[in-house]
Amino acid sequence: MSHLDYTSRYAIDPQAASAMATDELRSHFHIGGLFQPGRISLTYTHYDRMIVGGAMPVGDRLDLAAIKPTGTANFLDRRELVAVNIGGPGTVRVDGADHALGTRDMIYVGMGTETVGFSSAVPDSPARFYLLSAPAHHAHPTGVIRIGDAKRLELGDRKTSNERSIFQFIHPEGVKTCQLVVGMTQLAEGSVWNTMPCHVHDRRMEAYLYFDLPETARVFHFLGEPDETRHLVMANEEVALSPPWSIHSGAGTSNYAFIWAMAGDNVDYTDMDAVPLDSLR
């Protein structure tokens, strides 16, 4: 029995999304069940061909195999990959070389890599690798970025309930990528809002992984066109897909962290179109 499974998500236009009920919205824009013991679970999206997934090794190493939608012999023949560890200590093997990742460390793996495998240092406290992959046109070298080495920005204010730390793992001044831009936001205690005021960037899709959320807490993730908003109720370690035409913002019943990832026409972190609060509907 294979340790890898995948599903596909097709692109949805804003007019169709505006007419969807809750179950329809979740079937197109919500991803759950990423971290299953001893398995790799992938979702191939038709938003800039981004693949979102999770790997949770508990025994043998989990090797990343090609899937039918990529149309290649090896998973990374025409792609690049980022893996962020949000669990216990683990190792990513890249073409025979081992790279140890602690909690909240990440690794970038470039196009042309033949083999990638995931393992946990302590099976009783397994690593949980959040996987992000996009098509690539150039082979950039593998690189590990520790959470302490990420570019850190302090934003927001406790008075507006959005005091937060932003960790830019992948950005134009750091590890080179073709498409992927990846970072993490940690909300301070007592703060619940992320990415508000919100924005859109029609040139890039985005995916949010919410984590460090208590079992009984939820995040209300907002999506849709600015004048036709909808929401998803997100539990811990679930992903919201954000099409290029959609806002992406959220408010939780407690503080939390989330990993944001983008793929599209450029890797300019500041490329966004702000949405004034008084225009939201």
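**Aromatic ring pairs in the predicted model**

At 1% relative accessibility, Tyr-208 counts as buried, where buried means under 20% relative accessible area, computed with a 1.4 Å probe on protein chains only. The structure is a predicted model, in which local features need pLDDT of at least 70, side-chain atom pairs count only at pLDDT 80 or more, and totals for chains, interfaces and linings use all residues. Residues are numbered from 1 along each chain as its sequence is written, and side-chain values use heavy atoms, with hydrogens and water left out.

The structure contains 8 aromatic pairs. Rings of Phe, Tyr and Trp (its six-membered ring) are paired if their centres lie within 6.5 Å; planes under 30 degrees apart count as stacked, over 60 as edge-to-face and the rest as tilted. One of the pairs joins Phe-118 and Phe-129: the ring centres are 5.2 Å apart and the planes stand at 40°, so this pair is tilted. It links distant parts of the chain, since Phe-118 lies in strand S10 (residues 116-120) and Phe-129 in strand S11 (residues 129-135), 11 residues apart. Strands are DSSP runs of E with at least two residues, numbered from the N terminus. Phe-118 is buried, with a relative accessible area of 0%, and Phe-129 is buried at 0% relative accessibility.

Tyr-208 forms a stacked pair with Phe-258, at 4.6 Å centre to centre and 15° between the planes. This pair also links distant parts of the chain: Tyr-208 belongs to strand S18 (residues 204-211) and Phe-258 to strand S23 (residues 257-264), 50 residues apart. Phe-258 counts as buried at 2% relative accessibility.

Notes:
Helix = DSSP H or I, 4+ residues; strand = E, 2+ residues; numbered from the N terminus. Buried < 20%, exposed > 50% of the residue type's maximum accessible area, 1.4 Å probe, protein only.
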